[in-house]
Amino acid sequence: MKEIEELKKIINESNNIVVLSGAGVSTLSGIKDFRSKDGLYNIKYKYNPETILSHSFFFNNTEEFYEFYKDKLNCLDKEPNIVHKYFYELEKKGKLKCIITQNIDGLHTKAGNKNVIEFHGTIYKNHCTKCNKFYDAKYVFESKKIPLCECGGIIKPDVVLYEEPPNTSDIDESIKYIQKSDVLIVIGSSLSVYPVSGLINYYRGNKLVIINRDKTTYDFLANLVINDELDHVFNELNS
Ligand SMILES: [Zn+2]
């Protein structure tokens, strides 16, 4: 494909690439996107996923929150795929400076990437809402009903819930990397979630690449758009 050749050239010529990754990257590892129509939504639950995964719901309906969370967001057994591995190699070569991800599954880190900004947090970190003690994901997913701290406090995942803003430091860091980058690759994101979509506005270069199965509302801004299945794109990129 002509576009892939162009992408290869852009990547070869740059040593300052930043990647913004979304749910489409995780899909290849068998993780469902709860926002897509064929995603996590399940009639078993009385509320939609956006309601359940919200700040107020967590505190008002903690048991139901955790029922859904443990049922749907446990991806401890999932493994990095061709996309994660590709970006790990790019970082190792010193070409990729940072991955900013909307995904909470920790798979970029699991692939070996060192500089990952988990914009929406991660299931791998959890803290007590009372004493702030750290708990790993296994503890939370294996607990019966609501995971409790030894102090009796309720444990909350370090996942940015609906109604919650991302960490200020994550926003600032992301902006800094994007402003300094000469290539920005946005991949597997429909760019429908603010504020992550707003990050694109900080890019100052002329090599904005959007790779996504479906079209996005930001395609008109991009210098290169590839609408295809991600495994096709990366198989060809590797060849
Ligand atoms: Zn505690």
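**Exercise 1. Rings in helix H5**

Phe 65 and Tyr 69 are both part of helix H5, four residues apart, or about one turn of the helix; determine how their rings are arranged and which aromatic cluster they belong to.

The model is predicted, with local features needing pLDDT of at least 70 and side-chain atom pairs counted only at pLDDT 80 or more, while totals for chains, interfaces and linings use all residues. Numbering starts from 1 along each chain as its sequence is written, and side-chain values use heavy atoms, with hydrogens and water left out.

Solution. 

1. Helices (H or I, at least four residues) and strands (E, at least two) are DSSP runs numbered from the N terminus. An α-helix has 3.6 residues a turn, so residues three or four places apart point the same way.
2. The structure holds 12 aromatic pairs. Rings of Phe, Tyr and Trp (its six-membered ring) pair if their centres lie within 6.5 Å; planes under 30 degrees apart are stacked, over 60 edge-to-face and the rest tilted.
3. One of the pairs joins Phe 58 to Tyr 66: 5.8 Å between centres and 70 degrees between planes make it edge-to-face. For Phe 65 and Tyr 69 the values are 5.6 Å centre to centre and 15 degrees between the planes, and this pair is stacked.
4. Phe 65 and Tyr 69 are both buried, as are Phe 58 and Tyr 66. Buried means under 20% relative accessible area, exposed over 50%, and partly exposed in between (1.4 Å probe, protein chains only).
5. The cluster consists of Phe 58, Phe 59, Phe 65, Tyr 66, Tyr 69 and Phe 141.

**Exercise 2. Packing of helix H5**

List the buried residues of H5 and the elements they pack against.

Solution. 

1. In H5 (residues 62-72), the buried residues are Thr 62, Phe 65, Tyr 66, Phe 68, Tyr 69 and Lys 70.
2. Their packing partners are helices H3 (49-52), H4 (55-60) and H8 (137-142), together with strands S4 (121-128) and S6 (155-159).

**Exercise 3. The zinc site**

Identify the protein donors of the zinc ion and assign the geometry of its site.

Solution. 

1. Donors are N, O and S atoms within 2.8 Å of the metal (3.2 Å for Na, K and Ca); water is not among the atoms, so sites may look incomplete.
2. The SG atoms of Cys 128, Cys 131, Cys 149 and Cys 151 lie 2.2 to 2.4 Å from the zinc ion. Along the chain these donors have the spacing C-x2-C-x17-C-x1-C.
3. Angles among the four donor atoms run from 103 to 118 degrees, and the site is tetrahedral (four donors with all angles between 85 and 135 degrees). The ideal angle for four tetrahedral donors is 109.5 degrees.
4. Cys 128 is buried at 4% relative accessible area, whereas Cys 131 is partly exposed at 42%.

**Exercise 4. Strand pairing**

Give the order of the open three-stranded sheet, then the pairing of strand S7 with S1 and S8.

Solution. 

1. Two strands pair if DSSP finds at least two bridges between them.
2. The open sheet has the order S5-S4-S6, with antiparallel pairing. S5 (134-135) and S6 are its edge strands; each has a single partner, so one side of each lacks a neighbour in the sheet.
3. S4 and S5 are antiparallel and joined by two bridges; Asn 126 has Tyr 135 of S5 as its bridge partner.
4. S7 (residues 183-187) runs parallel to S1 (residues 17-21), with five bridges between them. S7 also pairs in the parallel sense with S8 (residues 208-212), over four bridges.
5. Ile 187 of S7 stands opposite Ser 21 and has Ile 211 as its bridge partner in S8.
6. Both faces of S7 are covered, with Val 183, Ile 185 and Ile 187 buried on one side and Leu 184 and Val 186 on the other.

How values were computed
Four donors count as tetrahedral if all angles lie between 85 and 135 degrees; four count as square planar and six as octahedral if opposite donors are over 155 degrees apart and all others between 65 and 115; anything else is irregular. Contact means heavy atoms within 4.5 Å.
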